[in-house]
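Reader: Could you walk me through how to read a few features of a model like this one? I'd like the cut-offs along the way.

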Amino acid sequence: MTTSRKTPILLTGATGYIGGAVLAHLLNHPNASNFEICTIVRNSAKASALRSKFGVNVVEGTFQDLDKVESLAEKSHVIFHLADADDESFMKAILAGMRKRHVTLGDLPVLIHTASSGTGVIVDDARGAFASETIYNDNDVTQMKSIPDTAFHRNVDLLVFNADTEGYIRGNIVAPSTVYGIAKNALVNAGVANDHSIQIPILVRASLARGRAGVVGEGKAIWPDVHIDDLAGLYISIFNAIVNKPDTTGHGFEGFYFGENGEHSWMSISCAIGDAMVALGYTSDASPSPFSTEELIKYFGSEAAGLYSGTNARCRADRGRALGWKPKYTTLDMLKSVRDEVEHYGELMKGGKLDFKFEPAAGK
Ligand SMILES: NC(=O)c1ccc[n+]([C@@H]2O[C@H](COP(=O)([O-])OP(=O)(O)OC[C@H]3O[C@@H](n4cnc5c(N)ncnc54)[C@H](OP(=O)(O)O)[C@@H]3O)[C@@H](O)[C@H]2O)c1
């Protein structure tokens, strides 16, 4: 039990792209002096920097150290779960700690969990062939409940919904879409946090490696997008609403938030990659061509993972907006941001450092 009067907050994924951005926002929060933030980090140098430069408590460890995770969760009133979030054991350890806290202190701890698949929970199998007309709205609880239990990484989200229903946590889930933009914040500047996202970078790397912008099928399918700073702002809006208006802020299925501020076709991203590749001298042909099956396996890890970049996942983030969340970056900003990614990964390619790390979030 903590004797501190500050709000004990656990944040997982502090060194990550989303986690670093959210932590940067929390450190700049008007009430930051009332927060006692703790993280679990596996890299010693980054742990030291978090302590010395940002005054953040750090427990060194991995997400496989389940005893540590459970104990940290028990000490926390609020948990921002922003790390690789597709691990059931990890989530069960967090929930076990929260349950103990509830039983021993009578506290109702708050979990703001990141759906590992993000809007991948609502994908179809379009393979780039069509734009779906089905649009999910996070304010439509019936529609949210209709997402099958077998959806991508839904098993972990269900643990959160169930714990909320049992009543020992106040559970919330954020499902980000295509998060974009090279993150710029104090944690990135200090070399602590990752500044690159997943979906657009993987398309950029594959396109550079094959010497021409690639696309899955005809690129007609549609996904939503959200800038990394706007997404971080959504987590803070949810947190503020829970703290300031607990009685009127929903939880469980009424605490499920998509993160989007616009949508794009996959072809539009591939065209932006092609334009940037021409402008930067990587090809003379800006027009995207379809990835072959061999290329999907080579650049995305498997054909299924590659085809993920040809799915539809259309949705509206009305619940977050109703809390007062005001995202400011648009899909046009997303398309403009592609050139920075091509420039970055192009430099890595020139240095022989273009790697293909296959991310679970990319549909593996
Ligand atoms: N980025 C997107 O567009 C997007 C969209 C939808 C959903 N998501 C989901 O959001 C979550 C975070 O994504 P992200 O883009 O921020 O990823 P990221 O930059 O790769 O960050 C992952 C974080 O998890 C930590 N981590 C992973 N495995 C660990 C382990 N075994 N022990 C200790 N720390 C571990 C990493 O630590 P290290 O720094 O030590 O590696 C890092 O802090 C993921 O579940 C992702 O699937 C992301």
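This is a predicted model: local features need pLDDT of at least 70, side-chain atom pairs count only at pLDDT 80 or more; totals for chains, interfaces and linings use all residues.

Reader: Where do N or O atoms of the protein lie 3.1 Å from an oxygen atom of the ligand?

Author: A polar contact is a pair of N or O atoms within 3.5 Å. At 3.1 Å from a ligand oxygen you find a backbone N or O atom of G16, and also a side-chain N or O atom of S197. I18 has a backbone N or O atom 2.8 Å from an oxygen of the ligand. As for cover, the ligand on its own has 890 Å² of accessible area, and the protein covers 87% of that (Shrake-Rupley method, 1.4 Å probe).

Reader: Now the rings. How many aromatic pairs does a search of the whole structure find?

Author: The general idea is that a pair of aromatic rings is described by the distance of the centres and the angle of the planes. Rings of Phe, Tyr and Trp (its six-membered ring) pair if their centres lie within 6.5 Å; planes under 30 degrees apart count as stacked, over 60 as edge-to-face and the rest as tilted. The whole-structure search gives ten such pairs. Take F80 and F239: their ring centres are 5.6 Å apart and the planes sit at 50 degrees, so this pair is tilted. The two are 159 residues apart, with F80 in strand β4 (78–81) and F239 in helix α9 (228–244). Helices (H or I, at least four residues) and strands (E, at least two) are DSSP runs, numbered from the N terminus.

Reader: Why does the pair of F161 and F256 count as tilted?

Author: Their planes are at 35 degrees, with centres 6.3 Å apart, so that pair is tilted. F161 lies in helix α6 and F256 in strand β11, so the pair ties together parts 95 residues apart in sequence. There is also an aromatic cluster formed by F152, W223, W266 and Y308.

Reader: Are F161 and R101 buried or exposed?

Author: Buried means under 20% relative accessible area, exposed over 50%, partly exposed in between (1.4 Å probe, protein chains only). F161 is buried at 3%, and R101 is buried at 6%. R101 sits in helix α4 (88–105). Leaving aside neighbours within four places in sequence, its contacts (heavy atoms within 4.5 Å) include P8, E74 and D107.

Reader: And where is L348 found?

Author: L348 is in helix α14 (331–350), and at 26% relative accessibility it counts as partly exposed. Beyond residues up to four places away in sequence, L348 touches K353 and L354.

Methods. Residues are numbered from 1 along each chain as its sequence is written. Side-chain values use heavy atoms; hydrogens and water are left out. A polar contact is a pair of N or O atoms within 3.5 Å; within protein, one must be able to donate a hydrogen and the other to accept it, and residues adjacent in sequence count only if both atoms are side-chain atoms.
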